[in-house]
Amino acid sequence: MARVYVSSVINGRSDRVWARVRDFNGLPSWHPGIAESRIENGEPADKIGCVRDFRLRNGDRIREKLLGLSDFDLFCTYSILESPMGVANYVATLRLTPITDGDRTFVEWTAEFDCAPEREAELVSSIGSGVFQGGFDALKRHFGGDSR
Amino acid sequence: MIRIVRSTVIDAPNDRVWAVLRDFNGHDRWHPAVATSAIERGQSADQLGCVRRFFLRDGSELRERLLTLSDLEQTFSYCLLDTPIPLFNYVAHVRLAPVTDGDRTFWEWRCSFSTRKGEEAEMTRMVGEDIYEAGFAAVRARLAASAGLEGRA
């Protein structure tokens, strides 16, 4: 089982950051790697079990299922149903935690998955440094960068 | 039931912060409110269930029991057993997490307790500011000072 963990500090209050990332169909509005997204079967994007079908800017198409969403604990958990990445049993969680010392937010993005052993290092790097950190960098830009 | 959460970011790798916080008997070396501390019955400070008996600078004597400790998650929990301060059913949780974007540490300190009617505001202020925020500041200063020493060495 491969594991990815990336975390950062966003210079905005957790409710504002959550409002930006909560929409399971909203990746194109905040993540620079995502071109378009739709929820299958016309379901609401906060219906647990709904499926998002989205396309990356490089053309790859991915289908993901919403497994858990909490407006109280500020997390979103999902699995990959279909992708060209060559991963199995992929489950990821995006979690926000308020930093009470200043109006900032601690953001954590984790994933666990199975893959061919020779591809693990490359996948961990592309998911962690590319997808997750790329999303955090976009949030940092949107909320005014990282403050210490 | 009163709930308090305080969290901050320390500008040091999480392993260095954990090395300070992990010692359940070490708070008299870093927390400004704690004068002396000892683990009862000669137990090790990482023995689950061990009790630390400590004195605050104002002379108050407290006893707290270690409920959980995880080097993997960098978390621990403890509860108050005896205190002259009106904190009842006080259970606290400490969690560290690496900020991989910058090699810093997220530190969260939370608790729940009840108190005597009329003392809610003062107990909330005391725990949040005098214990948690003062603890953050002390560890931040301690790690900054030791980083400075390393820099000069």
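Biologist: Which residues touch the most other members of the largest nonpolar core?

Modeller: This is a predicted model, in which local features need pLDDT of at least 70, side-chain atom pairs count only at pLDDT 80 or more, and totals for chains, interfaces and linings use all residues. Residues are numbered from 1 along each chain as its sequence is written, and chains are lettered from A and ligands numbered from 1 in the order in which they are written. In soluble globular proteins, nonpolar side chains tend to be buried together. A nonpolar core is a set of buried Ala, Val, Leu, Ile, Met, Phe, Trp, Tyr and Cys residues joined through C-beta atoms within 7 Å; buried means 20 or more other C-beta atoms within 10 Å of the residue's own, with C-beta atoms placed from the backbone. Here the largest core has 54 residues, and A:Phe132, B:Ile10 and B:Val17 touch the most other members. Helix H3 (residues 120-152) of chain B gives the most to this core, six residues.

Biologist: Which residues of H3(A) are buried?

Modeller: Helices are DSSP runs of H or I, at least four residues, and strands are runs of E, at least two, numbered from the N terminus. In H3(A), the buried residues are A:Ile127, A:Val131, A:Phe132, A:Gly135, A:Phe136 and A:Lys140. They pack against strands S1 (2-10) and S7 (104-114) of chain A.

Biologist: Where is A:Phe24 found?

Modeller: A:Phe24 lies in the loop between helix H1 (14-21) and helix H2 (27-30) of chain A. A:Phe24 counts as buried because 24 other C-beta atoms are within 10 Å.

Key: Buried ≥ 20, exposed ≤ 12 C-beta atoms within 10 Å, placed from the backbone. Contact = placed C-beta atoms within 7 Å.
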